[in-house]
Amino acid sequence: MPINDTSNEQMAEVYFEDLELSEDVLDALWDMRFEKCTPIQGQCIPHILEGRDLIGIAQTGTGKTAAYLLPMLTLLAQERSNADAVNCLIMSPTRELAQQIDQALQGFSYYTGINGVAVYGGNDGVRFEQERKSFQQGADIVIATPGRLITHLQLGNLDLSRTTHLILDEADRMLDMGFIDDIKLILKQLPKERQVILFSATMPPEIDAIAKEFMTNPAEVRIAVSKPADKIDQSVYVCRDADKPLIVQHLFADHAPERVILFSSSKQRVKELTIALKRKGFNCAQMHSDLDQKERDEAMLAFKQRKTDMLIATDIVSRGIDIDDIKMVINFDCPHDAEDYVHRIGRTARAGREGRAVTLVGEKDHFALSKIERLLEEKIPRCPLPDGLQQPEEKLQKQGKKPGRQRSGKPRKASANTETKETPRHDAKKKRWNGKKKTKGGQAMANKSQNTASVTQNPTASVS
Ligand code: AMP
C-alpha cells in the first residue's frame, strides 16, 4: 500500500523483519503488505519488546496503533502464563477509536491465537454480559473506554491484579474528556510489576504527572506535531455567522457533495445543521455523542459505504478515525484550538490522495484563525464570498507574529510515486507468504489493509 513516508528520506529505514517480532506477527504484516516501519514504530517497538515503560508523543495517522500492538502481541505470545487473566488492557477515549484498535488487532493477531475484546458503552445488556464472560474466560487483550471499564470494575466483573501491560492511547484526549481520575483508579489496581505505555498527541502537565507517578524510567519517543499535509488545498471564507449555511450551499452549487465531513463545535449546532441541510436536499447524516452506539455505528457505516455524502460531526471524528478517501473537510465553526484544526483537516488527503479544507470564519473566529495561521506559519488563502453576501472586515490579530508566506492556493503535487515495488526483500518474504496456508481471513485482511493503509509522518522524531 502506498504510504506518505517523507520521514524515511531522513531517517534510517527500519524493516519489520529486522525487529524481534514473532513470526506470527510478521506473517500477518506480510499479508497486509506492511514492510517498513513508520518512525514511531521503528523507535517504539524495540523499547516495548524490552519490557520498558514508554511515552510516545505522536498523533493519529503516524502508525501508533501498530507501534504498540505488534510488540505487545509478541510479548504476550512469549509470556503466555496467565491463560485465565486479562494480560493487557488498552484504554481508548472514544468508542470509535476502541473499535478501530480492535479491527487492527484482529488483523495483526490473525496467526497468533491471541484474542481480544473491545468493551465500550452505549450497547445493550446482552453485549455487557458477553463482555463479563470474556473477562472470566481470560481475554488476552481488553480494549476499553474508561466509563465502561469502571462499571465492570465496580461490579467486580474484572480483576486487574494480574494485568501486566497497560496501554493508554490518546491520553490527552482522555484528560480532555474528564477521565483522568478513572485512569488513576485503573493504574492503582495493576500489579507492581507491570509495563505502562502511554501515547498522547500533547503532553499537558496532568499527563506528565501521571507518567511520573505511575511509570518507571520510561523511554520517550517524540514525533513532532505535524503540519497538515501539503496536498490539502486549504481556504477560508471570512463571513457573517448567519451567512454560513448559504456558503455551504454555494460550495455545492455545481456538484453534489461527495465524501465530505462538516465539523461543528457543538452537538446542538450539529443537530440543527443536519436538519437544515437535509431540508435543502443534502444527503447527510449526523455524528455526535448524544447518539447511542447503534446510531453512531450506523452513521459511520453508511458514510463509509457511501450511502451518505456528508457527515456532520463534532470533534468526535476529528482524531483517530481511519477513513482514507475524504475529499473535503468543512469547518463550519473555526476550531479555537489550532491543533484541532490540524486534526480535523487531516481527515482529508490521506494515503497520498488530494483533498480540500474549507473554513468558515465568523465574527468571533478571527483570533482563532490567527492562532491557526501562526501554527501553520502561513496565511490560508481567502475566498471571495458568493455574490450578494456582505464581506465583513477582517479584524487584526490580537497578538503574536505575522503569519508567514501566502500559499498559492493551489494544491501542491502529491509526493512522488509511493507504490510498493517488488524488491529482493519481497522475494525473500514471498517464501514466508508461500510457507503459510493462505486462508480466507488472512486474504481478507490483506484486502482490508490495501483499502485502508495510510500514514502521515513527520520527519522530526527524537528518542531519549
Ligand atoms: P494509526 O496512526 O495507527 O491510526 O495508523 C494510520 C494508518 O496507517 C492505518 O490505516 C494503518 O493501517 C496504516 N499503517 C500503520 N503502519 C503502517 C506501515 N508500517 N505501513 C503501511 N501502513 C501502515
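Reader: Which residue caps the N-terminal end of H12?
Author: In this predicted model, local features need pLDDT of at least 70, side-chain atom pairs count only at pLDDT 80 or more, and totals for chains, interfaces and linings use all residues. Residues are numbered from 1 along each chain as its sequence is written, and side-chain values use heavy atoms, with hydrogens and water left out. Helices (H or I, at least four residues) and strands (E, at least two) are DSSP runs numbered from the N terminus, while a polar contact is a pair of N or O atoms within 3.5 Å, where within protein one must be able to donate a hydrogen and the other to accept it, and residues adjacent in sequence count only if both atoms are side-chain atoms. A side-chain oxygen lies 3.1 Å from the backbone nitrogen of Lys 294, and the capping residue that supplies this oxygen is Asp 292.

Reader: What distance does H12 reach from its first C-alpha to its last?
Author: Helix H12 spans residues 293-304, which gives 12 residues. The expected span is 1.5 Å times one less than the number of residues. The helix is close to that expectation, reaching 16 Å.

Reader: Which elements do the buried residues of H12 pack against?
Author: Buried means under 20% relative accessible area, exposed over 50% and partly exposed in between (1.4 Å probe, protein chains only). By this criterion the buried residues of H12 are Gln 293, Arg 296, Ala 299, Met 300, Ala 302 and Phe 303. An α-helix has 3.6 residues a turn, so residues three or four places apart point the same way. With contact taken as heavy atoms within 4.5 Å, the packing partners are H4 (95-108), E9 (260-263), E10 (284-287) and E11 (310-313).

Reader: Is Ser 370 buried or exposed?
Author: Ser 370 lies in helix H14, residues 366-376. A polar atom of its side chain lies 2.7 Å from the backbone oxygen of Phe 367. Because its relative accessibility is 3%, Ser 370 counts as buried.
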